[in-house]
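Colleague: I have not looked at this one before. Can you take me through it?

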Amino acid sequence: MHAFKELGVPADLIQGINELGILKPTEIQVKAIPFLMNDGSDFIAQAQTGTGKTAAFGLPLLTKINSKSEDIQGLVIAPTRELAKQIGKQLFRFTKYSEQKIFVEVLSGGDNIDRQVKSLQRPTQIVVATPGRLLDLIKRKALTLTSVRHLILDEADEMLSMGFRKELKQIFGLTRQRGSTWLFSATIPNAIHELARDCMGESPHILRIDKAHVVNRDIDHQFAICTRDDKTDFIAKFLKARKQERGLIFCRTKEGAITLGKQLTKREFPVGVLQGDLTQKERDTVMRSFKKGRFQFLIATDIAARGIDVEGLSFVIHHQLPEQTEYYTHRSGRTARAGRSGLSLALIDPRERKKIARLEKELGLSFDHR
Ligand code: AMP
């Protein structure tokens, strides 16, 4: 039994995380926090979203910031604007009760660059950025990275598959004086080893967290057997019974999401659709409307839903099971936030029973038949 206090996390940060429902450390937090707080040199962790990795690097990073200095000391690089924003928001919330004010700025593509230039004129100790936008802002001389001591790469495998290798190398070059590099990646293929060779010393500390160690939140996993033609009726009946409760419905393809959106809208359900064909602006509009409660339900595809962070969702429906196991974790992790409970309901074809068994085994979950 470990508590955050025993891991060395200061009381003011513990108060901040407790308010987010983060009470008992996850495996990655138990293993990474003491190392990163005390030694804190180069570090690689194989861990996916849902393991609690943001707090695993975020809490140690916050303790290393000198709030009396107005310089950028911590730099977190993430592949997508959604993830960058989510990290920024978490860091901000962790420090809610901190006496020392630490300023975190998120610099992600898609947002107004002039506004970012202006924001950077304020004291900023931590920057969370997507690679391209960060370099654009450096070119505009809106910031320099010369004072960065700690560089963190989140979802490094994702950054490589998005083609950011060149940008990352540039960032390594611009932060040569840093003291440490912490790299997080869901998978560690050769390309990640190569990247590690470019950005850290000979023998980084390596940690592997397996899939079964995702945050064990209070999620009730269920499945219902339903043929394809019956799914819309099933969902309509389910939504009708939810009254005020809000939730997400995941579809595997954008065509599926659009069709389901049309069908449910026709039946007068307040739904929005978030899918990959929308422009960034359209996506933002959908997200904003959903957050404001203009519609109660949101239909989304996996990619479009990356980084969605909405409070108070009581359920997630899987119109189809995702192709990859980790997407199930991503999806179901949208519910049961901040200490609340939630339902994750998969609609499956009778032949897909074995997929449920596989998820149970790989993720260490147990499903109930609805
Ligand atoms: P992450 O893997 O950092 O994306 O975290 C996934 C989610 O788990 C976030 O919503 C966190 O707030 C939450 N979380 C992180 N650590 C814990 C914990 N120890 N206990 C409960 N929830 C946590």
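**Domains and interface**

Modeller: The domain assignment of the protein chain gives domain 1 (11–210) and domain 2 (215–369); such bounds come from an automatic or database domain assignment. This is a predicted model: local features need pLDDT of at least 70, side-chain atom pairs count only at pLDDT 80 or more, and totals for chains, interfaces and linings use all residues. Residues are numbered from 1 along each chain as its sequence is written, and side-chain values use heavy atoms, with hydrogens and water left out.

Colleague: What separates the centres of domain 1 and domain 2?

Modeller: The centres, taken over C-alpha atoms, are 29 Å apart.

Colleague: And how many residues are in contact between domain 1 and domain 2?

Modeller: 15 residues of domain 1 are in contact with 15 residues of domain 2, where contact means heavy atoms within 4.5 Å. The area buried between the two domains is about 1200 Å², with 42% of that from carbon and sulfur atoms. Buried area is the accessible area (1.4 Å probe) that two parts lose on being put together, summed over both.

Colleague: Next, the cores. Which residues have the most contacts inside the largest nonpolar core?

Modeller: Phe4, Ile28, Phe43, Leu59 and Phe94, in a core of 39 residues. Elements giving two or more residues to this core include helix H1 (11–18), helix H2 (27–38) and strand S6 (180–185). Apart from it lies another core, of 33 residues, among them Val148, Ala156, Met159 and Phe164. A nonpolar core is a set of buried Ala, Val, Leu, Ile, Met, Phe, Trp, Tyr and Cys residues joined through side-chain atoms within 4.5 Å. Helices (H or I, at least four residues) and strands (E, at least two) are DSSP runs, numbered from the N terminus.

Colleague: What does isoleucine 28 touch?

Modeller: Not counting residues up to four places away in sequence, isoleucine 28 touches several residues, including Ala45, Phe184, Leu207 and Ile209.

Colleague: Now H12. Which of its residues are buried?

Modeller: Arg283, Val286, Met287, Ser289 and Phe290. Buried means under 20% relative accessible area, exposed over 50%, partly exposed in between (1.4 Å probe, protein chains only). Those residues cover an arc of only 165 degrees around the axis, so they are on the same side of H12; the arc is that of the directions from the helix axis to the C-beta atoms. They pack against helix H4 (81–94), strand S9 (246–251), strand S10 (271–274), strand S11 (297–301) and strand S12 (313–318).

Colleague: What follows H12?

Modeller: Glycine 293, with a positive phi near 85 degrees.

Colleague: Is glycine 74 buried or exposed?

Modeller: Glycine 74 counts as buried because its relative accessibility is 0%. The residue is in strand S2 (residues 74–77). Leaving aside neighbours within four places in sequence, glycine 74 is in contact with Leu61, Ile65, Gln125, Ile126, Val127 and His150.

Colleague: Last topic, the loops. Where is lysine 141?

Modeller: Lysine 141 is in the loop between helix H6 (131–139) and strand S5 (150–153). Its phi is positive, near 60 degrees, and at 74% relative accessibility lysine 141 counts as exposed. Most residues other than glycine have a negative phi.

Colleague: And where is lysine 243?

Modeller: Lysine 243 is in the loop between helix H10 (231–240) and S9. Phi of lysine 243 is also a positive value, near 55 degrees, and the residue counts as exposed, with 67% relative accessibility.
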